[in-house]
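Subject: Structure for you to look at

Hello,

Here is the structure I promised to pass on to you. Please open it beside this message and follow along as you read.

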Amino acid sequence: MKTIRWGMIGCGEVAEQKSGPALYRAANSQLVAVADRNADRAEAFARRHGVTRWHDDAEAIIRAPDVDVVYAATMTESHRDLVLRAAAAGKAVLTEKPMAMTHADCLAMIDACRQAKVPLWVAYYRRALPRFLKVKELIESGAIGEVRMVVIRHFQRIPTPEQMKGPFWGWRLDPKRSGGGIFFEAVGHTLDILDYILGPIASARAFADNQAGAYAPEDVVTASFRFASGVHGSGAWCFAADCDDEGNEIIGSRGRITFSTFPPLSPPAGRPPVPIRLIRGDAVEEFPVADPPYTHQPLVQTIVDEMNGQGHCPSNGETAARTTRVIEDCLAEFTARRAR
């Protein structure tokens with residue numbers, strides 16, 4: 001089994017906290033070089049993580065002969081360009097989510113990689129996390145009978161003015177860099193994992209608005225959707241609420257499953273993730289499945305295994321493009337209204 005060599009573009013908070021260490025902790029995987037337009041940040045990341053080479057130019061990663069897979073750990077606005085450049089160089093590529101600013105961009109990325117005969121993966125890492133695989137297992141085992149519908153809720157307080165200027169929220173609330181607001185940037189995780197568990201969403205109808213006026217993009221969305229399988233769904237997202245509360249419920253003919261997409265925003269030390277709950281009549285069974293320290297690592301492992309002909313990564317350009325299309329459909333009326 002050969003060692004898969006990664007080159008990472010972008011050394012920000014996602015790379016630091018979730019994905020960067022995963023690239024060298026996964027079996028048969030090595031992070032050989034990093035790049036960031038801020039040379040000092042690239043060097044600091046490399047020194048902290050024992051990476052021997054760093055650059056301030058993405059092209060140095062894309063053209064490097066010792067890089068097998070390019071990982072674009074950058075803001076949404078750059079994904080299309082970096083994927084097209086990697087494909088042109090004949091490199092396999094993993095890009096962060098959201099996959100791109102628009103569904104049309106997603107299709108262009110898929111086509112470029114198909115033409116170059118290189119794989120394209122997208123970092124919807126929940127598809128490989130044990131707790132979501134447990135939900136999928138319960139559904140597929142018939143634990144709740146035939147699935148009828150899913151209900152999503154996600155409420156969150158408005159970030160403070162200081163937070164909105166900081167590195168975490170600053171770019172996420174700028175549609176020119178992120179593609180939209182919190183809904184566009186974060187909710188894809190929920191829609192994508194439901195795509196994985198229940199199959200593709202065939203159609204969506206939604207209303208979106210900005211009620212609080214704290215920032216430019218959407219802060220409230222309500223949606224109804226239908227999966228290709230016939231399962232129905234609804235969602236309510238409010239990012240101008242008085243509390244932080246989030247969860248999903250899958251309703252079947254003989255029971256229900258509740259689970260959270262995200263970990264608690266401010267959990268007490270040592271608190272595990274919200275447990276999966278299987279509810280059948282008065283009986284409630286809990287499954288407290290913890291996430292690994294670096295949440296990208298299971299997905300990275302599937303990519304390494306696929307590169308070695310030993311498996312298959314569940315998150316690729318086609319699956320991620322479906323999620324972008326649903327998000328785009330949900331925001332279409334709001335986006336058109338704002339453009340007038």
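Before anything else, a word on touching: two residues are in contact when they have heavy atoms within 4.5 Å of each other. What you have is a predicted model, in which local features need pLDDT of at least 70 and side-chain atom pairs count only at pLDDT 80 or more, while totals for chains, interfaces and linings use all residues. Residues are numbered from 1 along each chain as its sequence is written, and side-chain values use heavy atoms, with hydrogens and water left out.

Helices (H or I, at least four residues) and strands (E, at least two) are DSSP runs, numbered from the N terminus. Arg80 lies in helix 4, and it touches Asp105, Ala108 and Met109 if residues up to four places away in sequence are not counted. Arg80 counts as partly exposed because its relative accessibility is 34%; buried means under 20% relative accessible area, exposed means over 50%, and partly exposed is in between, with a 1.4 Å probe and protein chains only. Arg80 and Leu107 are 27 residues apart in sequence, and their C-alpha atoms are 9.8 Å apart in space.

Two packed helices are described by the angle between their axes and the distance between the axes. Helix 4 (residues 79–88) and helix 5 (residues 103–116) pack at an angle of about 10 degrees, with their axes 9 Å apart, and the two are therefore roughly parallel to each other. Here axes are lines fitted to C-alpha atoms, for helices over the stretch in contact, and angles run from 0 to 180 degrees between N-to-C directions; angles under 35 degrees count as roughly parallel, over 145 as roughly antiparallel, 65 to 115 as roughly perpendicular and the rest as oblique.

On the side of helix 4, the meeting residues are His79, Arg80, Val83, Leu84 and Ala87, and on the side of helix 5 they are Asp105, Ala108, Met109, Ala112, Cys113 and Ala116. By class, this contact has 8 nonpolar, 1 polar and 2 charged residues, where Ala, Val, Leu, Ile, Met, Phe, Trp, Tyr, Cys and Pro count as nonpolar, Asp, Glu, Lys and Arg as charged, and the others, Gly among them, as polar.

Another part to find is an open sheet of 8 strands, in the order 8-9-10-7-11-12-13-14, with mixed pairing. Two strands pair if DSSP finds at least two bridges between them. The edges are strand 8 (201–209) and strand 14 (283–287), each of which pairs on one side only. Strand 8 runs antiparallel to strand 9 (residues 220–227), joined to it by 8 bridges, and Asp209 has Val220 in strand 9 as its bridge partner. Strand 9 is also antiparallel to strand 10, through 7 bridges, and Val220 stands opposite Cys238 in strand 10. By contrast, strand 7 and strand 10 (residues 232–238) pair in the parallel sense, over 7 bridges.

Helix 11 (residues 188–198) lies across strands 7, 8, 9, 11 and 12, and runs at about 165 degrees to strand 7. His189 is found in helix 11 and is buried, with a relative accessible area of 7%. Leaving aside neighbours within four places in sequence, the residues in contact with His189 include Lys97, Tyr124 and Phe262.

Backbone details

Most residues other than glycine have a negative phi, and most peptide bonds are trans. The peptide bond from Lys97 to Pro98 is cis, with omega near -10 degrees, and Pro98 sits in the loop between strand 5 and helix 5. Asn28, in the loop between helix 1 and strand 2, has a positive phi near 60 degrees and counts as partly exposed at 29% relative accessibility. Lys117, in the loop between helix 5 and strand 6, also has a positive phi near 60 degrees, and at 75% relative accessibility Lys117 counts as exposed.

Best wishes
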